[in-house]
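Hi there,

Here is the structure I promised to pass on. Have a look at it first, and then read my notes below.

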Amino acid sequence: MAGAPTAALPAREAARARQMSDTQFALVIILGVSLLNAAIIFVPLVYSAWLSLHESNVILRTMEFVGAKHYWTAITDPKVLAAAWRSVVFSAIAVVLSFALSLGFALVLNEDFPGKGLLRALVLLPWAISQVVTATVFSFMLNPNVGALNALLAPMGIVGPSHVWLSQDMALIWVSVAFVWHLAPLGTFFYLASLQTIPEDLYNAARIDRAGPVRRFAHITLPHLRHTTLIVLVVMTVEAVRQFDLVFSLTRGGPGTASQILPMLVFRYNFEFSQYGLAAATSFILTAMSVALAVGYFLLLRKKKAKKETANG
C-alpha cells in the first residue's frame, strides 16, 4: 500500500509531459486556422488568378493561355466601364446615406427615454433579415399595381395610379435605398457601442464651461468616434462594392442594364455567357476597387491624425 503513490508519480509526470504548453497549444490553433484559411481563401484565389489568364471553351473542354488579354478587355470594354461607374454611384449613395443614418440613429438611441430597448431592437432588425427578404419587401412596396407607395400616393394625386418606381432612371436609386435600409443598422450598432464608452465626465465638464450641444458634439463626441467611423466606412464601402444578392433579387440588373453593377456583370459573364476568364479578371478589378477605397480611408484618417498631432505640438 505504501508503494502505490510512489508508483503513480512517474505516471503523472509522464501524463504532464504529454500535455501541451500554452505556446504549443496556441501554435496548433494558429496552424489549424491558417490551413483552413488557405483552403477556403487562397486556393480559390490562386485558381481564379490562373483562370483569368486562360481562355476556356466549355464545349471543346480546352484551356488556352492568353496572358493579360482578359484584363485588357475588362478595362476597355464599355460594358465593364459602365457597370463600374454604376457601382461607384451605387456605393457613393449607399455609403453616404448609411453613414448619416447610422450616426443619427446611434445618437438618438444613446439617449435615455421610455421604450429605448424596444426601439433599439426594432432599428437593428433590418440588418438581421436576409437581403433576399429585403428585396422582396421593397419589390412589394414598389410594385406599380399593388405596391404600398402607389396605394398611398396615387389617391393624393402625387403619382399616377400605376407609377413605375423601378424605372430606367430610378432603379439604381431605389436599389441603393433598399441597401441602406438593410445596412444602416449595422453602422448604428458600431456607433452605439462606441458612444457608450465616452466618459460622462467630459460632457459634464463641457456643460460647466457652457459648451452647447453642437460644441459638445464637435469637440467630444466626434473625436471619440474617429476610429469607429473608419471601421464603419470601410465595412460599408466593401459591402456596397461587392453587393450582389439584393440587386439580383430586386431588379436582376434591370430594367435593361440600369442597375447592372459590376458584381452583376461578373455573374453574367460567369454563369450566363460562360466567359470564366473574363469573369475572373473583372472580379480582380472589383477587388482592386475595394482595396483602393479601404486604403484611401486609412490614409485619409492617418493624414488627419498626423495633422492634429502636429498642431498640438
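Helix α2 bends by about 40° at Ala38; the bend at a residue is the angle between axes fitted to the seven residues ending there and the seven starting there. The helix covers residues 22-52, which makes 31 residues, and its first and last C-alpha are 43 Å apart, close to the 45 Å expected at 1.5 Å a residue. That expected span is 1.5 Å times one less than the number of residues in the helix. As for the naming, helices (H or I, at least four residues) are DSSP runs, numbered from the N terminus.

Before you go further: this is a predicted model, in which local features need pLDDT of at least 70 and side-chain atom pairs count only at pLDDT 80 or more, while totals for chains, interfaces and linings use all residues. Residues are numbered from 1 along each chain as its sequence is written, and side-chain values use heavy atoms, with hydrogens and water left out.

Now the surface. Met20, Phe25, Val28, Ile29 and Val33 make up a nonpolar patch there, and together they have about 460 Å² of accessible area. A patch of this kind takes residues with over 30% relative accessible area and no salt bridge, and joins nonpolar side chains (Val, Leu, Ile, Met, Phe, Trp, Tyr) within 5 Å. The areas come from the Shrake-Rupley method with a 1.4 Å probe, and for residues only the protein chains shown count as cover. One member, Val28, sits in helix α2. Val28 has a relative accessible area of 45%, so it is partly exposed. For that wording, buried means under 20% relative accessible area, exposed means over 50%, and partly exposed is in between (1.4 Å probe, protein chains only).

For a contrast, go to Ser176 in helix α8 (residues 171-195). Is Ser176 buried or exposed? Its relative accessibility is 0%, so Ser176 counts as buried. Apart from neighbours within four places in sequence, Ser176 is in contact (heavy atoms within 4.5 Å) with Phe90 and Ile93.

Buried residues in α11 include Thr228, Leu230, Leu233, Met236 and Val241.

Next, the salt bridges. A salt bridge here is a side-chain nitrogen of Lys or Arg within 4 Å of a carboxyl oxygen of Asp or Glu, and the count comes to 5. Here are some to look up:

- Lys116 and Asp112 pair up at 2.8 Å, N to O. Lys116 is buried, because its relative accessibility is 19%, whereas Asp112 is exposed at 70%.
- Glu200 and Arg207 meet at 3.7 Å, N to O. Glu200 is partly exposed at 45% relative accessibility, and Arg207 is partly exposed at 41%.
- Glu272 and Arg268 form a salt bridge at 3.6 Å, N to O. Both are in helix α13 (residues 262-272), 4 residues apart, which is about one turn of the helix. Glu272 is partly exposed at 46%, while Arg268 is buried at 15%.

Then there is the backbone. Most residues other than glycine have a negative phi, and most peptide bonds are trans. Which peptide bond is cis? The one from Gly254 to Pro255, with omega near 0°. Pro255 is in the loop between α12 (245-250) and α13.

Arg252 is found in that loop between α12 and α13 too. Arg252 is not a glycine, yet its phi is positive, about 55°. Its relative accessibility is 49%, so Arg252 counts as partly exposed. Arg210 also has a positive phi, near 65°, in a residue other than glycine. You'll find Arg210 in the loop between α9 (200-208) and α10 (213-224). With a relative accessible area of 76%, Arg210 is exposed.

Ala121 lies in helix α5 (residues 116-128), and it is partly exposed, with a relative accessible area of 47%.

Cheers

Notes:
Helix = DSSP H or I, 4+ residues; strand = E, 2+ residues; numbered from the N terminus. Patch = residues over 30% accessible without salt bridge, like charges linked within 9 Å, V, L, I, M, F, W, Y side chains within 5 Å.
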